[in-house]
Number of protein chains: 2
Amino acid sequence: MQDGHATTTSPGSTSPGELLRLLRDGQARTRAELATETGLARSTVRSRLDALMDAGLVSDWGNDATTGGRPASRFVFNASARVALAAEVGATHATVAVTDLTGEPLASETLTLDIADGPDAVLGLLTETWRRMRSEHAITAPVAGAGIGLPGPVEHSTGKPTHPPIMPGWNGYDVPARVHTEFPVSVLVDNEVNLMALGEHARCFPTEQNMIFVKVATGIGSGLISNGQLHRGDVGAAGDLGHILAPSAGEVPCRCGNSGCLEAVASGPAVAAKLRTAGIEAQTSTDVVSLVHGGNLTAGQQVRQAGRDIGEVLAAVVSLFNPSLIVVGGQLAQAGEMLLAGVRESIYRRSLPLATEHLRIVPSQAGANAGVLGAAAMVVRHALSPMVLDRELV
Amino acid sequence: MQDGHATTTSPGSTSPGELLRLLRDGQARTRAELATETGLARSTVRSRLDALMDAGLVSDWGNDATTGGRPASRFVFNASARVALAAEVGATHATVAVTDLTGEPLASETLTLDIADGPDAVLGLLTETWRRMRSEHAITAPVAGAGIGLPGPVEHSTGKPTHPPIMPGWNGYDVPARVHTEFPVSVLVDNEVNLMALGEHARCFPTEQNMIFVKVATGIGSGLISNGQLHRGDVGAAGDLGHILAPSAGEVPCRCGNSGCLEAVASGPAVAAKLRTAGIEAQTSTDVVSLVHGGNLTAGQQVRQAGRDIGEVLAAVVSLFNPSLIVVGGQLAQAGEMLLAGVRESIYRRSLPLATEHLRIVPSQAGANAGVLGAAAMVVRHALSPMVLDRELV
């Protein structure tokens, strides 16, 4: 009894890209082994391996003398053949990295910036940093592609931000075209929360099929993995938890123009506002986290209540999506167990037993690097997908 | 700029199953064309076609004399080579069908039953009906598999119901094993709402990548299509809208033991209960629909309010899932535009503009047949998937 919906590749082609996919497991294989595994003619295996070796993606691993006859060459995936350029851009900073084809960073740093300086300045800073990092770390491998996470909705198919609320000057801006002026490679752009979900999935929880990453900071958003793939939704707007009606929010006005949104009661600034009402000075998520870590009881109580409010909305998400794992990250999550305890409390109270039987609710594992690791994973998956690679190797 | 996550098949094998997938587009091809399209050696194409023809899944379509040389045989998918047995079981009836390998019914009928008679009696009735239908319609093609939809949660990987609330005697029952005593074929079992979603998707909206099917009847449930695939969730419990907190439900108790659930205010029986409070006799969804069609104003108003309540929960779903299409079906949806108008009203009020820009909200197209068509589509996809077919053709 197995699911018949798992295979979606185009039919009938064991292309060079498909051959590489086989080799990406890290095992070395002879031509004969590859012919047997694929059913391809020997001559076809030979020509496809030649194309992959010309591109540097496969190396000759030496001879296999075990079969007794003439030693046969064995071939292996070369993960250092190219690099991915990756960046996660926030409102006030960016994490920038250059990784190999397993997504492992070869170099990484964090920059200070202001997203309101606009796309030309910010993207110029990214490309300049990638260029400098490659030079400083003597990285000479060709660039497979660039991946950028942005703090707002992005139309993934075009790489253009769509009405991002905190990014003046970015609406509809052609991000790939700007990066192309410096790096003529594939440029993939996505919402940073989607990439944080992808980073957690690819690097920390690769076997989970249905999981949700929740970011609690200035805003509240999430990224969904469905059947092992990122679920972006129709226009890349999936995962928007922040503007779902929170049962406890009543008529609290939200910056989106509606009222009663989760973000209006449970984001970092919303918790800070509640603390100010109680005479405690706080403005940001970081302020709140400092108060909690300093033992401030009211701050701890308010963070726990924010967790409960988030959990009320996540209970609906659990009923709808039935994930096996919820990963909670973002600045306010650095308050630790206080937030998670509130989240768990509401989810277990409001969900049917079946949906929570195997559910795990854990803090972020990739932490501040989740987004940039997700950006690299996105680039590697794209660049090495048969669809893209086969076009390149023609 | 394209998504690199679309291909998930196992690498490197252009197997008989992959070859058949190519032919399922209905186009006839020569061996030479298949060799060119796949990169397979001619001898490999020949042996794989032989295996598919031995199984009856491919037919010789006649000669292609257009190339001027010796006429070459052309080969085509034979959709009548096998049949799928399909059934959707409800609390009081079942729709049973035998279909070809495109999912098209060759025979279909509706039975009266009582799910509380238990699995042995109900499944015995299904197998007896399939057997009789094949005989009466002189259907001699071998059976590719059986697909059954049940009105409760099902562990899809084992085919066992898990704590179904309205199915006494079914919890943990091995449905496939019971069907195997009559038909020794693959037996796939799923929740009926998942299969209704699959039926609407496969037959009416095959190009939609992200859609939701909502069933409003005695209960309220949904089936989700993510990236073109059914999203079942971790234990097959995804899509459970009925027990999400409805903002307008207050403290209304629900049969699940919690209070404030959507089902407690917007299901067919919940609307009927409200009508009785207003002195109007009604018990079921069908009673309510009859009153609406008869022009009863109060019934119309209450159905519209149920639509609004459902829409409040669906607004959260739209924010989370960002579907391009919501299909509304089930008995109460037969009240027509009254229900849909309420749904649309709440969704547009509570959602961010980006998520509703391209959203369509439409009534069910497959109607009462959605579930059984989905059961057939599930069987066909499974039976013809390379993973399954290649094992069979060895």
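Analyst: Contact here means heavy atoms within 4.5 Å. Please also keep in mind that this is a predicted model.

User: With that cut-off, how many residues does the contact take from chain B and from chain A?

Analyst: Chain B contributes 78 residues to the contact and chain A contributes 79 residues.

User: And what area is buried between chain B and chain A?

Analyst: About 7000 Å² is buried between the two chains, with carbon and sulfur atoms giving 55% of that area.

User: How many salt bridges does the rule find across the interface of chain B and chain A?

Analyst: Across that interface the rule finds zero. Over all chains, the count by this rule comes to 36 salt bridges.

User: What rotation superposes chain B on chain A?

Analyst: A rotation of 180°, with 0.1 Å of shift along its axis, superposes chain B on chain A at an RMSD of 0.1 Å. The two copies are therefore related as by a two-fold rotation axis. The same surface serves both copies, since 100% of the contact residues of chain B recur in chain A.

User: Let us take one residue. Where does A:Ser319 lie, and which residues does it touch?

Analyst: A:Ser319 lies in helix α10 of chain A, residues 297–321. Not counting residues up to four places away in sequence, A:Ser319 touches B:Ala237, B:Ala238, B:Gly239, B:Asp240 and B:Ile244.

User: Is A:Ser319 buried or exposed?

Analyst: A:Ser319 is buried, because its relative accessible area is 4% and the cut-off for buried is under 20%.

User: Moving to the cores: which residues have the most contacts inside the largest nonpolar core?

Analyst: They are A:Leu241 and B:Leu241, in a core of 87 residues. Leaving aside neighbours within four places in sequence, A:Leu241 is in contact with A:Val214, A:Ile220, A:Gly221, A:Ser222, A:Leu262, A:Val313, A:Leu314, A:Val317 and B:Leu320. Apart from that core lies another, of 50 residues, which includes A:Leu34, A:Ala84, B:Val380 and B:Leu384.

User: Back to salt bridges. Which residue forms one with A:Asp120?

Analyst: A:Asp120 forms a salt bridge with A:Arg178, and the closest N and O atoms are 2.7 Å apart. A:Asp120 is in helix α4 (residues 119–136) and A:Arg178 is in helix α5 (residues 175–180) of chain A, so the pair ties together parts that are 58 residues apart in sequence.

User: How accessible are A:Asp120 and A:Arg178?

Analyst: A:Asp120 is partly exposed, with a relative accessible area of 47%, whereas A:Arg178 counts as buried at 14% relative accessibility.

User: What about B:Asp120 and B:Arg178?

Analyst: B:Asp120 and B:Arg178 form a salt bridge too, with the closest N and O atoms 2.7 Å apart. B:Asp120 lies in helix α4 and B:Arg178 in helix α5 of chain B, 58 residues apart, and the pair links distant parts of the chain. In chain A, salt bridges that share partners join A:Asp120, A:Arg131, A:Arg178 and A:Glu182 into one network.

User: And A:Glu18, which residue does it form a salt bridge with?

Analyst: The partner of A:Glu18 is A:Arg21, with the closest N and O atoms 3.6 Å apart. These residues are separated by about one helical turn because they are three residues apart in helix α1 (residues 16–23) of chain A. A:Glu18 is buried, with a relative accessible area of 4%.

User: Finally, which UniProt annotation covers residues 18–59 of chain A?

Analyst: The unreviewed UniProt entry annotates those residues as "domain: HTH arsR-type". Over residues 18–59 the chain is 64% helix and 10% strand, and the end C-alpha atoms are 16 Å apart.

Conventions:
Residues numbered from 1 in each chain as written. Chains lettered and ligands numbered in written order. Predicted model: local features only at pLDDT ≥ 70, side-chain atom pairs only at ≥ 80, totals over all residues. Heavy atoms only, no water. Core = buried A, V, L, I, M, F, W, Y, C linked by side-chain atoms within 4.5 Å. Buried < 20%, exposed > 50% of the residue type's maximum accessible area, 1.4 Å probe, protein only. UniProt positions renumbered as here; feature names shortened; annotations may be inferred. Helix = DSSP H or I, 4+ residues; strand = E, 2+ residues; numbered from the N terminus. Least-squares fit on C-alpha atoms with pLDDT ≥ 70 in both. Buried area = accessible area lost by both parts, 1.4 Å probe. Salt bridge = Lys/Arg side-chain N within 4 Å of Asp/Glu carboxyl O.
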